[in-house]
Amino acid sequence: MLRLYTHPSCLQHDTGPGHPESPARLAAVLHALDHDRFAALDRIEAPRATREQLLRVHRAGHVERILDAAPSDGLLQLDEDTLMSPCSAEAALRAAGAMVAAVDAVIGGECRHAFCAVRPPGHHATPDHAMGFCLFNNVAVAAAHALAAHGLKRVAIADFDVHHGNGTQAIFEREPRVLFASSHESPLYPNTGREDERGVGNIVNGCLSAGDGSWAFRELWDGLLLPRLHAFKPQLVLVSAGFDAHRDDPLAGLQLGSEDYAWITAKLVELARVHAGGRLVSTLEGGYAPTALAASAAAHVEELME
């Protein structure tokens, strides 16, 4: 069974006219998942993350800034890319809380896989900064919860967003119980993720160039990232599922298609089956062409339903 976690507040997080990280992204994903072939999804309203859960990966000052900063009306600009509206703090709490609840569900045996259709995304948020459209680091909150609340010893995070998950890397680069494996276009925002950035041996970055397509993406995962993930033997697989490497996406140039997202999802499902009792939780990160995002997320979810 696949659980789908989301919350209406994630659609109410307003980033202003013309902003690429718009409510239309999530609306497109949810509309695609309303198709009859997804009727079996177990749809759950995401709870809020608690301060305790957030403080495992974020400094107290950052948590308080985000929770206290939401304007009573209009928009508040945190940096050149990242904005908050009156509903943004609530959306951020629900996005992180979705991942925590999903981890509890897969570890508790209520489902094998879960997908969190939420926004704002999270993988650029560092311990003390919001950036790159991200307020809290949703996948990091989930990984830390798996370690602290469930006593896991090996948690893998696979990130195939076209942008490097600098925040996730920064949070866990000295934590050997977490393996972070990322494919991303380079050079590209946020200009991190070099292949010589290895943490304590728990960071595996694979760089691709603009114009690289399906073959290069699959070769990178098959040749470098998946072998490292299998060698780690994770007890839980978490996925930062960004779909902005799609050929139609306006923010990058990797030239992937929805079939590539089906392929990598199937590989990660197999990783979870072999080492983690099937336990896999995925969260929406990037993807800024709503039609391509919807098709790619649908392909991802179909593989998670297998």
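Gln 255, at 36% relative accessibility, counts as partly exposed; that label covers everything between buried (under 20% relative accessible area) and exposed (over 50%), worked out with a 1.4 Å probe on protein chains only. Before I go on: this is a predicted model, where local features need pLDDT of at least 70 and side-chain atom pairs count only at pLDDT 80 or more, while totals for chains, interfaces and linings use all residues. Residues are numbered from 1 along each chain as its sequence is written, and side-chain values use heavy atoms, with hydrogens and water left out.

Back to Gln 255. You'll find this residue in the loop between β9 and α9. Those labels come from DSSP runs, numbered from the N terminus: helices are H or I with at least four residues, strands are E with at least two. Most residues other than glycine have a negative phi, and most peptide bonds are trans.

Now, rings. Phe, Tyr and Trp rings (for Trp, the six-membered one) pair if their centres lie within 6.5 Å; planes under 30 degrees apart are stacked, over 60 edge-to-face, the rest tilted. That gives six aromatic pairs here. One of them joins Phe 133 and Tyr 288, edge-to-face, with centres 5.6 Å apart and 75° between the planes. Why care where they sit? Phe 133 is in the loop between β5 (113–116) and α6 (138–150), and Tyr 288 is in the loop between β10 (280–284) and α10 (290–304), so this pair ties together parts that are 155 residues apart in sequence. Phe 133 is buried at 14%, and Tyr 288 is buried too, at 11%. Elsewhere, Phe 160, Phe 243 and Tyr 261 make one aromatic cluster.

Last bit: the strands. Here, two strands pair if DSSP finds at least two bridges between them. Let's walk across from β8 (residues 203–208), which runs parallel to β7 over six bridges. In that pairing, Ile 203 of β8 is the bridge partner of Phe 180. On to β6 (residues 155–159): parallel with β7, five bridges, and Ile 157 stands opposite Phe 180. Then β6 and β9 are joined by five bridges, again parallel, with Ile 157 opposite Leu 238. And β9 pairs with β10, parallel, five bridges; Leu 238 meets Val 281 there.

How many residues of β7 (178–185) are buried? Eight of eight. Val 178, Phe 180, Ser 182 and His 184 point one way, Leu 179, Ala 181, Ser 183 and Glu 185 the other.

And β9 (residues 236–241)? Six of its six residues are buried, so the rest of the structure largely encloses this strand. Leu 236, Leu 238 and Ser 240 cover one side, and Val 237, Val 239 and Ala 241 the other, all buried.
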